[in-house]
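Here is a short briefing on one protein structure. Keep the sequence and the 3D view side by side as you read.

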Amino acid sequence: LLTVVGGGSTQNNNNASGDDFIAYCWRSIPGYSLIGSYTGTSSTTNVPKIYTGFLPAWIMVKRTDYAGDWNIVDDKRSTSNTRALELFANTNGVEATANYVNFYNDGFQIQTTDADWNAQNGKYIFMCFAS
């Protein structure tokens with residue numbers, strides 16, 4: 001359990017300029033939310049399936065070894081598989097049509113080889129919430 005967020009040993013890490021910082025901190029709650037990671041396969045047949053233990057309502061995925069988008073898919077705008085509508089947390093861009101992910105009663109599965117979702121050996125973090 002992280003109880004203190006501290007700076008490092010350099011001037012930039014210690015906020016010598018006095019700038020404001022914000023931190024969003026989440027944790028997984030069984031049956032409600034899951035925060036985790038997966039490794040991409042760049043395959044349309046051997047695609048990553050993430051077991052959440054619940055039917056997702058909302059997911060956000062970010063590749064960590066690549067400067068891609070923060071991809072968001074939900075069950076309100078896309079009501080059936082494959083979930084077709086995508087938003088991006090890091091841009092002011094409009095909703096896009098993606099068809100990149102399926103939601104299941106026990107998790108979600110990536111359905112693309114797009115680099116923002118499923119590149120060979122790509123490292124991804126995700127956050128999802130139950131419906």
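**Strand 1 and the surface**

Ile35 sits in strand 1, which covers residues 33-39. This is a predicted model. The points below go from the surface to the core, then to the aromatic rings.

Surface patch
- Ile35 has a relative accessible area of 34%, so it is partly exposed.
- Together with Ile22, Tyr24 and Trp26, Ile35 makes a nonpolar surface patch of about 490 Å².

Nonpolar core
- The largest nonpolar core has 18 residues.
- Tyr38, Ile59, Val61, Val101, Phe108, Trp117 and Phe126 touch the most other members.
- At least two residues of this core come from each of strand 3 (56-63), strand 6 (96-104), strand 7 (107-110) and strand 8 (123-130).
- Leaving aside neighbours within four places in sequence, Trp117 has contacts that include Tyr38, Ile59, Val61 and Val101.
- Asn71, Glu86 and Thr112 are also among the contacts of Trp117.

Aromatic pairs
- The whole structure holds seven aromatic pairs.
- Tyr32 and Phe129 pair edge-to-face, with centres 5.7 Å apart and 65° between the planes.
- This pair links distant parts of the chain, 97 residues apart: Tyr32 lies in the segment before strand 1, and Phe129 in strand 8.
- Tyr32 is partly exposed, because its relative accessibility is 46%.
- Tyr38 and Phe126 form a tilted pair, because their planes meet at 40°, with ring centres 6.4 Å apart.
- Tyr38 in strand 1 and Phe126 in strand 8 are 88 residues apart.
- Both Tyr38 and Phe126 are buried.
- Ring pairs join Tyr38, Phe108, Tyr124 and Phe126 into a cluster.

Notes: Residues are numbered from 1 along each chain as its sequence is written. This is a predicted model: local features need pLDDT of at least 70, side-chain atom pairs count only at pLDDT 80 or more; totals for chains, interfaces and linings use all residues. Side-chain values use heavy atoms; hydrogens and water are left out. Patches are made of residues with over 30% relative accessible area and no salt bridge: like charges are joined within 9 Å, nonpolar side chains (Val, Leu, Ile, Met, Phe, Trp, Tyr) within 5 Å. Accessible areas come from the Shrake-Rupley method with a 1.4 Å probe; for residues, only the protein chains shown count as cover. A salt bridge is a side-chain nitrogen of Lys or Arg within 4 Å of a carboxyl oxygen of Asp or Glu. Helices (H or I, at least four residues) and strands (E, at least two) are DSSP runs, numbered from the N terminus. Buried means under 20% relative accessible area, exposed over 50%, partly exposed in between (1.4 Å probe, protein chains only). A nonpolar core is a set of buried Ala, Val, Leu, Ile, Met, Phe, Trp, Tyr and Cys residues joined through side-chain atoms within 4.5 Å. Contact means heavy atoms within 4.5 Å. Rings of Phe, Tyr and Trp (its six-membered ring) pair if their centres lie within 6.5 Å; planes under 30 degrees apart count as stacked, over 60 as edge-to-face and the rest as tilted.
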